[in-house]
Amino acid sequence: MVATVSVTSCLDDNDGDDYEYVPLTKMEQLSQLIAMEGNYSGKSYIYSLSGGKAKDSIDVAWTVVDSTLTIKNFPIKLLASVVAGQDYKDALENSDQTQELKCTIRPYRPYGYDANQNATTYWYTTEVGDENQIDFNIMHEGENVKARMAFVASVTTSGGLISSYGGYSTAQKRMELYLLPTSLAASDAKWNINSVYFFGGNK
C-alpha cells in the first residue's frame, strides 16, 4: 500500500529553519514515470468529502503510458450515491455504463518529504483537461438524456485544501489515485459533487 495516499503520509517533520525544499529534477520525474508505466487492475470507491464512507466498490482497470493515465472503465454507477432525485439515482444504480477517462500525471516531491526514508514511494498530481470530461447518456422519465461529469484539480473544504493526486509503491507495484469530480449535469438538472473517487490497484 501507499499508506492510503494520505496527505500526512507524505509529510515529515523537516520544517525547521534548516530545511530546504528540493524539487524533483527532470531526470527524476522521467525515471518515476517510466517506473509507473504499465497496466493496473483494482477497485474504485466514492467517498463524501464531509466524511461519509463508500458502501460499494467496482472493479476497474487503467494504464499509464508516458505521463498519461487512462482509466479504461470509469464507473458511472458510483455517482448514484451523490445525486439527488430518486429517478436519476435509480438510473445510475442500474447503469452498467463505463467510460474512458484520461488524465495527466506529474511526479513531484512533497514538501518535507524524506526521500532517503521513503525511496520506494513516488507521488504525483493529476489533471483532467477540459477535453477529457466524461460525457454519457442516462435514462430519465423514459428518455435518453445527455449527461456530463466535470473535474477539478483541487477543492477547499472545512478541513483545508484537497487535491487530485496519487502515489505509487515500487516495492508493491501498487498505484493509488484520488480524483475530484466537481459537478454532474443531466438535461435540466445539475448537482455539485462533494465527493472524491478513489482508485487502488496493482500491476
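Buried means under 20% relative accessible area. By that cut-off, Tyr88, Lys89, Ala91 and Leu92 are buried in helix α2 (residues 86-93). The model is predicted. The protein chain holds 2 helices and 13 strands. Of its 203 residues, 42% are buried.

**Overall fold**

- The accessible surface of the protein chain is about 10800 Å². Carbon and sulfur atoms account for 47% of that surface.
- Take the contacts between residues at least 6 apart in sequence: 65% of them join residues at least 24 apart.

**Helix α2**

- The buried residues of α2 line one face of the helix, because they fall within an arc of 165° seen down its axis.
- An α-helix has 3.6 residues a turn, so residues three or four places apart point the same way.
- The cover over these buried residues includes β6 (134-140), β11 and β12 (189-192).

**Nonpolar cores**

- The largest nonpolar core has 43 residues. Leu69, Phe74, Leu179 and Leu184 have the most contacts inside it.
- Strand β11 (residues 174-186) gives the most to this core, with 5 residues.

**Strand β5**

- Tyrosine 122 lies in strand β5 (residues 121-127). Its relative accessibility is 16%, so tyrosine 122 counts as buried.
- Leaving out residues up to four places away in sequence, tyrosine 122 touches Gln32, Ala35, Gly166, Gly167, Tyr168 and Thr170.
- Tyrosine 122 and methionine 175 are 53 residues apart in sequence, yet their C-alpha atoms are 9.4 Å apart in space.
- Threonine 126 is also in strand β5. At 4% relative accessibility, threonine 126 is buried.
- With residues up to four places away again left out, threonine 126 touches Thr104, Ile105, Ser164, Tyr165, Leu177, Tyr178 and Leu179.

**Salt bridges**

- The count of salt bridges is 6. Side chains of opposite charge can pair when their charged atoms come close.
- Arginine 109 and glutamate 28 meet through their side chains at 3.5 Å, N to O. Arginine 109 sits in the loop between β4 (98-108) and β5, and glutamate 28 in helix α1, so the pair ties together parts 81 residues apart in sequence.
- Arginine 109 is buried at 14% relative accessibility, whereas glutamate 28 is partly exposed at 31%.
- Arginine 148 pairs with aspartate 135, with the closest N and O atoms 2.8 Å apart. This pair links distant parts of the chain, 13 residues apart: arginine 148 is in strand β7 (residues 143-152) and aspartate 135 in strand β6.
- Both partners count as partly exposed: arginine 148 at 37% relative accessibility, aspartate 135 at 41%.
- Glutamate 176 forms a salt bridge with arginine 174, and their closest N and O atoms are 2.9 Å apart. Glutamate 176 is buried at 0% relative accessibility. Arginine 174 is buried at 13%.

**Surface patch**

- Met27, Leu30 and Ile34 form a nonpolar patch on the surface. Together they have about 330 Å² of accessible area.
- Methionine 27 belongs to helix α1 (residues 26-36). At 61% relative accessibility, methionine 27 counts as exposed.

Methods:
Residues numbered from 1 in each chain as written. Predicted model: local features only at pLDDT ≥ 70, side-chain atom pairs only at ≥ 80, totals over all residues. Heavy atoms only, no water. Patch = residues over 30% accessible without salt bridge, like charges linked within 9 Å, V, L, I, M, F, W, Y side chains within 5 Å. Areas by Shrake-Rupley, 256 points an atom, 1.4 Å probe, with all protein chains shown as cover. Salt bridge = Lys/Arg side-chain N within 4 Å of Asp/Glu carboxyl O. Helix = DSSP H or I, 4+ residues; strand = E, 2+ residues; numbered from the N terminus. Buried < 20%, exposed > 50% of the residue type's maximum accessible area, 1.4 Å probe, protein only. Core = buried A, V, L, I, M, F, W, Y, C linked by side-chain atoms within 4.5 Å. Contact = heavy atoms within 4.5 Å. Arc of directions from axis to C-beta.
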